[in-house]
Amino acid sequence: MQHTHSEASPRPGRSPRPARRTRKRKVPLCPYCHESDEVIPILYGFPSDAAFMRAERGEVYLGGYEVTPYSHYCKRDDREF
Ligand SMILES: [Zn+2]
């Protein structure tokens with residue numbers, strides 16, 4: 001008696017989790033105005049072209065090479081936090 005047990009091959013290219021399209025910007029509340037609508041992430045290092053474009057649109061704040069403990073920037077208060 002023998003049962004041929006064929007190995008279940010892993011299905012290629014099918015991941016169970018659905019691709020999430022909605023990119024929600026998750027930013028913390030500004031400690032000064034307690035809002036998050038003007039808060040943008042600080043980008044350190046040399047920015048890519050895309051990062052430059054985003055900075056132009058006010059979507060990111062270019063922090064430059066010197067990394068500070070701050071990770072976000074509030075446009076309303078003009079402060080990093
Ligand atoms: Zn603020």
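This is a predicted model: local features need pLDDT of at least 70, side-chain atom pairs count only at pLDDT 80 or more; totals for chains, interfaces and linings use all residues.
Set aside the residues within four places of it in sequence, and alanine 51 is in contact with Leu43 and Val60.

H1 covers residues 49-56, eight residues, and the number of them that are buried is zero, so the helix lies largely in the open. Just after H1 comes glycine 58, with a positive phi of about 75°.

**The overall layout**

Now for the bigger picture. The protein has one helix and four strands, and from the N terminus on they run β-α-β-β-β. Of its 81 residues, 7% count as buried. Among contacts between residues at least 6 apart in sequence, 42% join residues at least 24 apart.

**The sheet**

In what order do the four strands of the open sheet lie? The order is S2-S1-S3-S4, and the pairing is mixed. S2 and strand S4 (79-80) are the edge strands, each pairing on one side only.

Take the parallel part to begin with. S1 and strand S2 (residues 61-64) pair in the parallel sense over three bridges. One of the residues involved is tyrosine 44, whose bridge partner in S2 is glycine 64. Together, S1, H1 and S2 make a β-α-β unit, and that unit is right-handed.

On to S3. S1 and S3 also pair over three bridges, this time in the antiparallel sense. Across that pairing, isoleucine 40 has tyrosine 73 as its bridge partner in S3, while valine 39 has cysteine 74.

**The core**

Which residues make up the largest nonpolar core? There are six: Cys30, Val39, Leu43, Tyr61, Tyr73 and Cys74. Strand S1 (39-44) and strand S3 (72-74) are the elements that give two or more residues to this core. Some of these names have already come up: Val39 and Cys74 are the bridge partners mentioned above, and Leu43 is one of the contacts of alanine 51. In general terms, nonpolar side chains tend to be buried together in soluble globular proteins.

Leaving out residues up to four places away in sequence, cysteine 30 touches Glu35, Ser36, Glu38, Val39, Cys74, Arg76, Asp77 and Phe81. That list includes Val39 and Cys74, and both of those are members of the core along with Cys30.

**Exposed spots outside the strands**

| Residue | Exposure | C-beta atoms within 10 Å |
|---|---|---|
| Histidine 34 | exposed | 7 other C-beta atoms |
| Tyrosine 65 | exposed | 7 other C-beta atoms |
| Aspartate 78 | exposed | 9 C-beta neighbours |

Where is each one? Histidine 34 is in the segment before S1, tyrosine 65 is in the loop between S2 and S3, and aspartate 78 is in the loop between S3 and S4. For tyrosine 65 there is also a distance to quote: its C-alpha atom and that of proline 47, 18 residues apart along the chain, are separated by 9.6 Å.

Histidine 34 has a phi near 60°, a positive value in a residue other than glycine. Aspartate 78 is not a glycine either, yet it has a positive phi of about 60°. For context, most residues other than glycine have a negative phi.

Key: Residues are numbered from 1 along each chain as its sequence is written. A residue is buried if 20 or more other C-beta atoms lie within 10 Å of its own, exposed if 12 or fewer, and partly exposed in between; C-beta atoms are placed from the backbone. A nonpolar core is a set of buried Ala, Val, Leu, Ile, Met, Phe, Trp, Tyr and Cys residues joined through C-beta atoms within 7 Å. Two residues are in contact if their C-beta atoms, placed from the backbone, lie within 7 Å. Two strands pair if DSSP finds at least two bridges between them. A crossover is right-handed if, with the strands pointing away from the viewer, the path from the first strand over the helix to the second runs clockwise.
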